[in-house]
Amino acid sequence: MYVSVNGAKLFFDVDGEGLAPDGKTMRQKPTVIMVHGGPGADHTVSKPYFSHLTDIAQVIYYDHRGNGRSDACDETSWNLAQWGDDLKGLCDALSVENPIVIGTSFGGFVTLSYATRYPGHAAGLVLISTAAKVHFQSIYNAFERLGGKEIRDIAKAYWENPTAEGRALYRDHCVPHYSHNSSASTDWLSRILWKDETALWFNGPLNEHGRMDFRAALSKIECPTLVLAGEYDPITPPEFSEEIAAGLRPEQLTYLKFPDCGHGVVGDKPDDALIALRRFIQSVQA
């Protein structure tokens, strides 16, 4: 399905009903908005994992502008301010009030843009394997610990001078180190409608990946927030999540670091991660 948001046609999909029969009445479920990673990926990276939440919530997936099935739009609109505005605009267009917003990886950047631009709108936030500020030296060090100097050099070359050729090398040699669970499914990689041009723009001429810094704005966030990190995540090492946690008030924060886990917290530790997500959603709903 498509909806017009801020001059762009955004693709979205819905899992589960918002109203569920409950005896003689209808029960309103909370709405979860899934904010996918990338950029250059699409909402399919969130499936099927988050579909398991539909017994307690309605789950809405969407593709950012310039990603997946949504409008490409002008590349100058591929930035975190616009993507944050689009998330709020999507909620407005669908009449979603007080959602629980779950942002993974780059989707966490967008979620922080939205949450700091529209404080008070979300009922709760979940930030999975993400960052308020990217420290590239930490990323290179993490890749070297996991894959040696060759992997570090490929990562460093891509992030410091993004090219299509470098991105292909990075995807082939560095992305496999995102997961720390050898039995985790990699089917999600083949399902994605890749838009490499979006990633190259965001990481290259725009360099918003390197320039973004939400640390000072974290104090604007007032809603309950769950932060999940993987011990062996190379692209958003756990110290990035710890930095987010340090910027939030203790009474609103739940921070969990999963051992033996990489960038895909839900992929590497699906049972533990979903228990944490369900507990958080139910606590916000209460």
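Hi everyone, let me start with a pair of side chains: R215 forms a salt bridge with E243, and their closest N and O atoms are 3.3 Å apart. This pair links distant parts of the chain, with R215 in the loop between α8 (208-211) and β9 (225-230) and E243 in helix α9 (residues 238-247), 28 residues apart. By salt bridge I mean a side-chain nitrogen of Lys or Arg within 4 Å of a carboxyl oxygen of Asp or Glu. My helices (H or I, at least four residues) and strands (E, at least two) are DSSP runs, numbered from the N terminus.

Before I go on, a word on the source: this is a predicted model, where local features need pLDDT of at least 70, side-chain atom pairs count only at pLDDT 80 or more, and totals for chains, interfaces and linings use all residues. Residues are numbered from 1 along each chain as its sequence is written, and side-chain values use heavy atoms, with hydrogens and water left out.

Back to our pair. R215 is partly exposed, with a relative accessible area of 34%, and E243 is partly exposed too, at 23% relative accessibility. For these words, buried means under 20% relative accessible area, exposed means over 50%, and partly exposed is in between (1.4 Å probe, protein chains only).

How many salt bridges does the structure hold? The count is 17. One of them joins D13 to K47, with the closest N and O atoms 3.1 Å apart. Here again the pair links distant parts of the chain: D13 sits in strand β2 (residues 8-15), K47 in the loop between β5 (31-35) and β6 (58-62), and 34 residues separate them. D13 is partly exposed, at 24% relative accessibility. There is also a network of salt bridges that links R167, R171 and D196.

Please keep K47 in mind for a moment. A cis peptide bond joins K47 and P48, with omega about 5 degrees. A cis peptide bond also joins G38 and P39, with omega about -10 degrees. P39 is in the loop between β5 and β6, and P48 is found in the loop between β5 and β6 as well. As background, most residues other than glycine have a negative phi, and most peptide bonds are trans.

On the phi side, N6 has a positive value of about 50 degrees although it is not a glycine. N6 is in the loop between β1 and β2 and is partly exposed at 44%. N98, not a glycine either, has a positive phi of about 50 degrees. You will find N98 in the loop between α1 and β7 (100-104), partly exposed with a relative accessible area of 46%.

Now to helix α1 itself. D92 forms a salt bridge with K88, the closest N and O atoms being 2.9 Å apart. Because D92 and K88 are four residues apart in helix α1, about one helical turn separates them. Is K88 buried or exposed? K88 counts as buried, at 17% relative accessibility, whereas D92 is partly exposed at 45%. Leaving aside residues up to four places away in sequence, K88 touches Y114, Y118 and H121, where contact means heavy atoms within 4.5 Å.

How do α1 and its partner α2 pack? Helix α1 (residues 80-93) and helix α2 (residues 106-117) meet at an angle of about 75 degrees, with their axes 8 Å apart. So α1 is roughly perpendicular to α2. The axes are lines fitted to C-alpha atoms, for helices over the stretch in contact, and angles run from 0 to 180 degrees between N-to-C directions. Angles under 35 degrees count as roughly parallel, over 145 as roughly antiparallel, 65 to 115 as roughly perpendicular, and the rest as oblique. Residues making the contact include W83, L87 and K88 of α1, and F106, F109 and Y114 of α2.

Last topic, for anyone thinking about cysteines: a search of the whole structure finds zero disulfides, a disulfide being a pair of cysteine sulfur atoms within 2.5 Å. C91 is buried at 0% relative accessibility. For C174, the closest cysteine sulfur is in C261, 19 Å away and too far for a bond. C174 is buried, with a relative accessible area of 0%.
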